[in-house]
Amino acid sequence: MAAILAVLEQRNGEIKRVSHEVLAAARGLADGMGAEVHALLIGAPGMSADGLGGAGADKVLLAADDSLGLYQAHRYAYIAAQAGTDKAAVVLAGTAMGKDLGPRIAARMGAPYFNDVKTMEGSGEITITRPMYSGKAIATVKITASPCVLSVPPNAFAPVDAGKAGATEDVAVPAPVEPARATTVEIKEPEHAVLDVAEASIVVAGGRGVKEEGDFNVVEELAAALNGAVGASRAVVDNGWRSHSEQVGQTGKTVSPNLYIALGISGAIQHLAGMRTSKVIVAVNKDPDAPIFKVADYGIVGDVMEVAPRLTEEIKKISEG
Amino acid sequence: MKIAVCVKRVPDTEARIKVGGDGKSIEESGVKFVLNPFDEYAVEEAIKLKETAGGGEIVVVSLGTDANQETMRTALAMGADKGVLLKADVAAPDTLAVAKALAAELKEGGYDLILFGKLAVDDGCHAVGAMVAELMELPCVSSISKLEIADGKGKAEREIEGGVEVVVFSLPAAATTEKGLNEPRYPALKGIMMAKKKPLEKKDITLEASGVELTALAYPPERKEGRIVGEGPDAVPALIDALKNEAKVL
């Protein structure tokens with residue numbers, strides 16, 4: 001039976017939430033062509049496949065080895081391409097790992113590759129839609145080659161409750177080639193865990209309307225009250241106030257959270273490109289004519305330094321119940 | 001050290017995109033085209049490595065039409081030494097076809113390091129660098145924010161969700177560059193004048209299409225018109241109410 005390979009992702013042995021979205025995307029494609037979903041999980045021994053059947057996997061392939069705990073690009077690509085060759089398609093997530101791994105798998109398989117895939121359907125020929133020009137346009141692409149490799153951005157496919165078997169099967173792991181071409185030696189983690197802006201379901205982003213670097217705490221405090229991630233406009237990143245990892249926009253990250261709160265961001269075209277697919281957008285800006293209000297569902301005209309603390313206060317009241 | 005930097009000509013990020021009459025491509029007239037912003041970091045890093053080493057050669061490689069020459073001259077004006085333009089028409093975003101063509105050119109060059117921008121801001125594909133590296137069987141680190149090269153070995157850092165991955169590798173190698181790696185220089189007038197005289201070789205090539213066809217390019221759906229709930233901090237309760245009871249996101 002034809003099958004779709006869903007490449008999952010773990011960190012410290014824990015399967016990432018986005019992997020359930022990958023399974024949902026793969027499930028949708030597989031159901032359309034009467035195929036199965038085979039999930040591939042690569043990592044150190046001891047990974048648990050619990051819940052993956054429910055999330056849509058007919059079968060779970062486990063490639064476990066002590067040397068595979070951290071993402072090792074070349075070896076992961078080799079294992080995934082091996083598992084993908086007899087499949088109709090390979091689906092993975094557009095995370096830091098997936099963005100690197102997807103093209104490698106595709107090159108190894110000689111298969112076409114697309115990232116940021118928002119919809120995928122068809123059998124034999126697969127038709128996808130994806131943004132181009134950072135979302136200023138949407139392309140429809142017909143893929144006549146099989147297999148193909150497709151990467152889905154976080155928050156685009158809602159996890160499903162599929163009730164499949166999810167029986168596990170071990171995959172042979174080839175011995176590492178010595179000397180290794182490239183080796184991931186460590187992950188440096190900040191002292192306090194930071195939620196990534198591209199993965200968060202709530203994002204609070206600050207722009208030039210936050211007047212001083214030290215005032216950015218009003219953005220951080222609102223994000224913390226909402227359990228969301230902090231985002232930043234290009235202007236404040238270029239000022240050196242915030243790390244580039246927080247930048248939202250065409251030269252930063254594209255985000256699609258359930259709630260995006262833009263504080264003091266005017267809405268330059270390159271910024272809108274990075275957040276316009278957010279489900280609900282709130283804008284706070286002093287200038288009633290700021291372009292951000294054109295895409296916002298709800299707006300408050302006012303000074304960020306006055307509005308944001310009040311918003312934080314009210315949110316805290318709700319969560320304290 | 002011999003370094004190749006692959007660059008792409010793309011519309012400026014501030015450009016308004018208009019879908020052309022064919023419904024498959026953009027209207028190019030009136031659009032300013034620039035060196036892909038992420039490729040600027042790759043060019044800058046190559047120049048810095050050459051400066052540190054006190055010698056070496058930087059070759060700019062680009063795939064496209066004659067119009068790419070202007071883009072390549074920007075990289076030459078920054079400090080690259082020469083250019084190779086692979087002339088081909090690229091219609092759909094066929095990253096595998098482009099990667100194969102680049103790999104075929106690059107494998108003849110004897111490069112110690114091949115740099116790419118992590119993605120091109122036009123198709124946003126984020127694919128070609130890693131593909132070329134796989135096709136050439138080279139070590140590759142994507143989206144690097146820090147790079148150290150010494151004694152034929154490299155160490156790179158790349159941002160991942162909630163952390164930084166540290167990767168060590170041996171040369172020859174490839175890497176794709178992320179914002180934050182460096183501050184690209186502006187070409188000085190002297191550099192711009194010199195760039196005009198730097199060699200730029202053109203080669204006609206044929207792409208090996210990989211079975212993808214862009215069938216339509218359309219504008220994204222308009223967002224439903226929103227509303228201003230009020231002015232100043234006093235509008236906050238009305239906003240909270242809307243988020244809670246109308247949008248149901250709180």
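This is a predicted model: local features need pLDDT of at least 70, side-chain atom pairs count only at pLDDT 80 or more; totals for chains, interfaces and linings use all residues.
Two strands pair if DSSP finds at least two bridges between them. Strands (E, at least two residues) and helices (H or I, at least four) are DSSP runs, numbered from the N terminus. Strand 13 (residues 182-188) of chain A and strand 9 (residues 163-170) of chain B pair in the antiparallel sense over six bridges.

Residues are numbered from 1 along each chain as its sequence is written, while chains are lettered from A and ligands numbered from 1 in the order in which they are written.

Between the chains, 71 residues of chain A are in contact (C-beta atoms, placed from the backbone, within 7 Å) with 70 residues of chain B. Helix 3 (residues 96-109) of chain A gives the most to the chain A side, with nine residues.

Helix 3 of chain A also packs on helix 2 (residues 73-84) of chain A, at an angle of about 55° and with axes 9 Å apart. The axes are lines fitted to C-alpha atoms over the stretch in contact, and angles run from 0 to 180 degrees between N-to-C directions.

The table gives residue classes. Ala, Val, Leu, Ile, Met, Phe, Trp, Tyr, Cys and Pro count as nonpolar, Asp, Glu, Lys and Arg as charged, and the others, Gly among them, as polar.

| Contact | Classes |
|---|---|
| Side of chain A that touches chain B | 37 nonpolar, 16 polar, 18 charged residues |
| Helix 2 of chain A with helix 3 of chain A | nine nonpolar, one polar, three charged residues |

Methods:
Two residues are in contact if their C-beta atoms, placed from the backbone, lie within 7 Å.
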